[in-house]
Amino acid sequence: MQKTKKKPGHIKRQLKRYSVLYVILLLAIVYYFVFMYVPLIWGVEISFKDMKIGSTIQDAPWVGWKNYKYFFQNKSMLKLLRNTLIISINSMIWGFLPPILLTIAIFDLRSKKYQKFCQTMVYIPHFFSWVIIYGIVYAFFSDNGFINIILSKITGSTYGFMVSSKAFVPLIVGSQVWKEAGWGTILYFAALTGVNPELYEAAKIDGAGPLARIRAVTLPAMVPVIAFSLIMAMGNILNNDFEQILLYYNAAVYDVSDVIETWVYRVGLGKMQYGIGSAVSMLKAVVSLVLILIANSSSRKLTGRGMF
């Protein structure tokens, strides 16, 4: 089959025709290069240097693997890793099903207006800052909060939820799920909008009830997004929401609340040891990349789908 030759000036005409789109694309490329890749390169360099205030990245003395060794030799490393994984794994487990169930429940509503209203309502908590979320949690679970008022009337005693090591993780995970479950439905809704309505009609004709239609049509359409979400969750397993942890953080729950981010905050910024902070960030990035690759490979073998 003979290839069609492009006419002279074809590229120029395309550039002129789509000049606005190319400019927007160029701005996006410049943005990611300046604010993502350049800091990444600097971060790698700083992790091998003894960076102090007043010195530049180039002038800072080279210390090799010293910053990495400092973190691994730290006595509290195992505790930091344990606390980080406990919070992350609980967040991943308890935050996995709510967006899926919310999506299915809202998508099956017959009234489109009520469907849009429900979508809007579940999105709203995502736009609250963690300061507001913490205020809401405090209003419910503090010593004089709503829950303790009810407990005092029923049992005659109260419980210190905000200073309890046992209650810390449930409060963290519960508020995360409440805040982000609605926002997590966006990708699932996008997947379901591409489903041919005739598939649901065919399922109804075949006698499939609501649950059977969900199992035969809805869930298969959501599988690619579910796989993508799990892969991304694996990549973030060493990352906690620093702002949230810092707000809930207090001396009474120190043993279960001190995570890698809070340690980096104390050492990297508090003690101005920027090289150590960068080294820990690089370690987390490498581990996250490895976990994403493993999760993607496992997803491809089990479900035949992956992120790439």
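This note comments on the charged and aromatic side-chain pairs of a predicted model.

1. Salt bridges overall. Side chains of opposite charge can pair when their charged atoms come close. In this model the count comes to five salt bridges.

2. Lysine 49 and glutamate 45. These two side chains meet in a salt bridge, with an N to O distance of 3.2 Å. Lysine 49 counts as buried because its relative accessibility, 8%, falls under 20%. Glutamate 45 has a relative accessibility of 24% and therefore counts as partly exposed.

3. Lysine 179, glutamate 180 and tryptophan 130. The side chain of lysine 179 forms a salt bridge with that of glutamate 180, at 3.1 Å from N to O. The charged end of lysine 179 also sits over the ring of tryptophan 130, 5.1 Å from the ring centre. Lysine 179 is buried, at 6% relative accessibility, whereas glutamate 180 is partly exposed, with a relative accessible area of 28%.

4. Glutamate 261 and lysine 284. A salt bridge joins these side chains at 3.1 Å, N to O. The pair links distant parts of the chain: glutamate 261 belongs to helix H15 (residues 260-270) and lysine 284 to helix H16 (residues 274-303), and the two are 23 residues apart. Both glutamate 261 and lysine 284 are buried; for glutamate 261 the relative accessibility is 12%.

5. Surroundings of glutamate 261. Which residues touch glutamate 261, leaving aside its neighbours within four places in sequence? They are Leu238, Asn239, Asn240, Phe242 and Lys284. The side chains of glutamate 261 and lysine 284 also make a polar contact, at 3.1 Å.

6. Aromatic pairs. The count comes to 21 aromatic pairs. In one of them, the ring centres of phenylalanine 71 and phenylalanine 72 lie 5.9 Å apart; their planes stand at 65°, so the pair is edge-to-face. Phenylalanine 71 is buried, with a relative accessible area of 8%.

7. Tyrosine 159 and phenylalanine 161. The ring centres of this pair are 5.0 Å apart, and the planes meet at 70°, which is over 60 degrees and so makes the pair edge-to-face.

8. Aromatic cluster. One aromatic cluster is made up of Phe48, Trp62, Trp65 and Tyr68. The reader may wish to view these four residues together in the structure.

Technical notes
Residues numbered from 1 in each chain as written. Predicted model: local features only at pLDDT ≥ 70, side-chain atom pairs only at ≥ 80, totals over all residues. Heavy atoms only, no water. Salt bridge = Lys/Arg side-chain N within 4 Å of Asp/Glu carboxyl O. Buried < 20%, exposed > 50% of the residue type's maximum accessible area, 1.4 Å probe, protein only. Helix = DSSP H or I, 4+ residues; strand = E, 2+ residues; numbered from the N terminus. Polar contact = N/O pair within 3.5 Å; in protein donor to acceptor, adjacent residues only side chain to side chain. Contact = heavy atoms within 4.5 Å. Phe/Tyr/Trp six-rings, centres within 6.5 Å; stacked < 30°, edge-to-face > 60°. Lys NZ or Arg CZ within 6 Å of the ring centre and 35° of its normal.
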